[in-house]
Amino acid sequence: MASFLHHMRAMVGGRWLGWGMVVALGCASVAALWLLAAVALGRSRRKPLVATTASSALTVALCGIRVELEYGEATRLLLGEVRAPDPSERARLTSESVSRLINTLVFPPLPLIAIALLVAFSLLWRRDRTWPHCVGAVAALLVATTAWSVLRAQGAFFTGFGCGQECLYDVLLQSRTDLHLGKLYLGAAAALGWVWLLVVARRLGDWGRRSILVASSLLLLTGLIATVAARGRYYDTWHLVPFDASPMPCMVRSDRLESLPVASPHCQGIDAPMFEVWPDGAFIDGTPMATPEDVRVKLDEKRKLWLMLNPGREFAGHVVLVAPQRASVSELSSWVTAAHAAGYEKVGLYSRAPELQLHTATLGVIREPRCCVAPLVLGDTLATPLIQR
Amino acid sequence: MGASSASVAAKSIYGVTAAVLGILLWCWVLLDLVGYETFVLSLSWLPQGGR
């Protein structure tokens with residue numbers, strides 16, 4: 001019960017559309033109980049059937065709108081198109097959006113499966129097999145199969161709750177596979193329904209009516225249009241962002257990216273402390289460093305901390321210098337010497353690597369800046385102007 | 001008479017097929033739209049974002 005309420009609260013997310021979904025789902029559940037009572041008591045099922053179908057369709061429509069809105073919001077947040085005060089705030093907003101998204105997809109299918117099965121049952125149980133009843137029953141069974149497929153695919157996210165990036169990759173692949181399997185199950189169910197309808201239709205003999213043909217053709221035509229319209233999303237679903245899309249993220253302010261030196265083709269990323277030297281001052285982890293001596297002390301602290309956390313391991317002595325391309329060797333030499341004095345023998349130069357370009361069907365080309373570390377030999381730096389003005 | 005009966009049968013088969021295929025396509029589209037979630041979540045592997 002607590003889990004049920006938790007998912008419902010996460011689905012609502014404190015937004016009016018979420019409450020609208022809860023109300024629609026409540027109406028569908030009440031209508032389904034009304035239908036169940038009508039079937040059990042042998043009363044007319046027409047009104048409860050219409051009420052159940054209409055409220056269920058409304059629930060699905062509201063879920064669709066919510067999911068579309070959350071797709072848009074999560075995408076803008078993940079692509080950095082939303083101006084959030086700081087990265088942690090953006091991460092919080094993203095996780096809230098993803099939570100609303102997943103719970104919207106996992107919560108409503110639970111009652112919808114039961115409701116769709118009840119509708120199919122009430123359409124066929126002790127009733128004349130007229131064509132609207134038969135088509136309605138096949139449609140309800142396909143809806144139940146669809147809801148079950150969605151639920152199954154979303155279940156993967158809950159089994160992997162709280163796992164890291166590599167685990168998320170497995171979860172995404174599992175969810176996608178489950179949805180693909182769901183499409184196969186749906187195809188098989190539709191084929192069976194088609195054969196059954198053909199057999200029933202021979203007896204009914206009224207499938208050739210003009211109104212039925214127009215309605216069926218419209219359903220097929222709109223289905224084809226929707227399939228074509230969703231092709232872009234289908235393509236992207238099967239071309240996820242590679243797990244190691246950007247192994248060399250740029251860790252500097254975006255307005256300073258352009259001023260970094262351009263990397264050679266063999267440039268690679270390394271895990272090492274960074275210190276920045278810009279015309280407006282030197283920084284380590286965003287903290288201003290007034291003099292080279294401050295840099296030496298700070299880097300020395302980092303080296304000692306590393307040795308404390310990694311007992312028995314050899315200190316690599318890597319440090320990364322972040323400086324604009326226009327900086328001269330004379331401007332940098334005192335800072336580099338300070339790093340050397342703190343025990344960091346291998347100084348690398350932070351550089352811009354060719355940007356990553358991801359071609360998507362729905363978001364166009366995603367461009368991601370990449371940075372890496374080029375070797376910078378201390379002795380040479382002092383003697384020769386490696387960084388050209 | 002026979003030709004008319006065959007025409008009605010052909011229309012019946014078309015009506016059944018179009019209805020079932022139409023419903024099936026809509027259900028598939030729903031699953032495609034749900035599957036797009038995996039792509040949106042995979043965007044989280046981009047470290048900074050920006051197009």
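Reader: What makes A:Ala38 count as buried in this model?

Author: In this predicted model, A:Ala38 has a relative accessibility of 5%. The cut-off for buried is under 20%, so A:Ala38 counts as buried. The residue lies in helix H2 (residues 16-41) of chain A. Beyond four places in sequence, A:Ala38 touches A:Arg43, A:Ser44, A:Arg45 and A:Pro48.

Reader: How far is A:Ala38 from A:Asp170 in sequence and in space?

Author: The two residues are 132 residues apart in sequence, and their C-alpha atoms are 46 Å apart in space.

Reader: Why is A:Ser216 called buried?

Author: A:Ser216 has a relative accessibility of 5%. Buried means under 20%, and A:Ser216 is therefore classed as buried. This serine is found in helix H8 (residues 210-229) of chain A. Leaving aside neighbours within four places in sequence, A:Ser216 is in contact with B:Gly15, B:Ala18 and B:Ala19.

Reader: Is A:Asp285 buried or exposed, and how do you know that?

Author: The relative accessible area of A:Asp285 is 59%. Exposed requires over 50%, so A:Asp285 is exposed. It is found in the loop between strand S2 (281-284) and strand S3 (287-289) of chain A.

Reader: What is the phi of A:Asp285?

Author: Phi of A:Asp285 is near 55°, a positive value in a residue other than glycine. Most residues other than glycine have a negative phi.

Reader: Why are H3(A) and H4(A) described by the word they are given for their relative direction?

Author: The axes of helix H3 (residues 46-78) of chain A and H4(A) cross at roughly 155° and come within 9 Å. Angles over 145 degrees count as roughly antiparallel, and H3(A) and H4(A) are therefore roughly antiparallel to each other. The crossing of H3(A) with H4(A) is left-handed. Among the residues making the contact are A:Cys63, A:Tyr71 and A:Leu77 of H3(A), and A:Arg90, A:Ser97 and A:Leu105 of H4(A). By class, the contact of H3(A) with H4(A) comprises nine nonpolar, three polar and five charged residues.

Reader: Which residues form the contact of H4(A) with H6(A)?

Author: On H4(A), the residues are A:Ile102, A:Asn103, A:Leu105 and A:Val106. They meet A:Val150, A:Leu151, A:Gln154, A:Phe157 and A:Phe158 in H6(A). This contact has seven nonpolar, two polar and no charged residues.

Reader: What are the mean pLDDT of chain A and the average of chain B?

Author: Chain A has a mean pLDDT of 87, with 93% of its residues at 70 or more. Chain B averages 84, and 84% of the residues score at least 70. The model scores ipTM 0.88 and pTM 0.81.

Terms used:
Residues are numbered from 1 along each chain as its sequence is written. Chains are lettered from A and ligands numbered from 1 in the order in which they are written. This is a predicted model: local features need pLDDT of at least 70, side-chain atom pairs count only at pLDDT 80 or more; totals for chains, interfaces and linings use all residues. Side-chain values use heavy atoms; hydrogens and water are left out. Contact means heavy atoms within 4.5 Å. Helices (H or I, at least four residues) and strands (E, at least two) are DSSP runs, numbered from the N terminus. Ala, Val, Leu, Ile, Met, Phe, Trp, Tyr, Cys and Pro count as nonpolar, Asp, Glu, Lys and Arg as charged, and the others, Gly among them, as polar. Buried means under 20% relative accessible area, exposed over 50%, partly exposed in between (1.4 Å probe, protein chains only). pLDDT is the predictor's confidence in each residue, from 0 to 100. Axes are lines fitted to C-alpha atoms, for helices over the stretch in contact, and angles run from 0 to 180 degrees between N-to-C directions. Angles under 35 degrees count as roughly parallel, over 145 as roughly antiparallel, 65 to 115 as roughly perpendicular and the rest as oblique. A crossing is left-handed if the near helix is turned anticlockwise from the far one by less than a right angle, and right-handed if clockwise.
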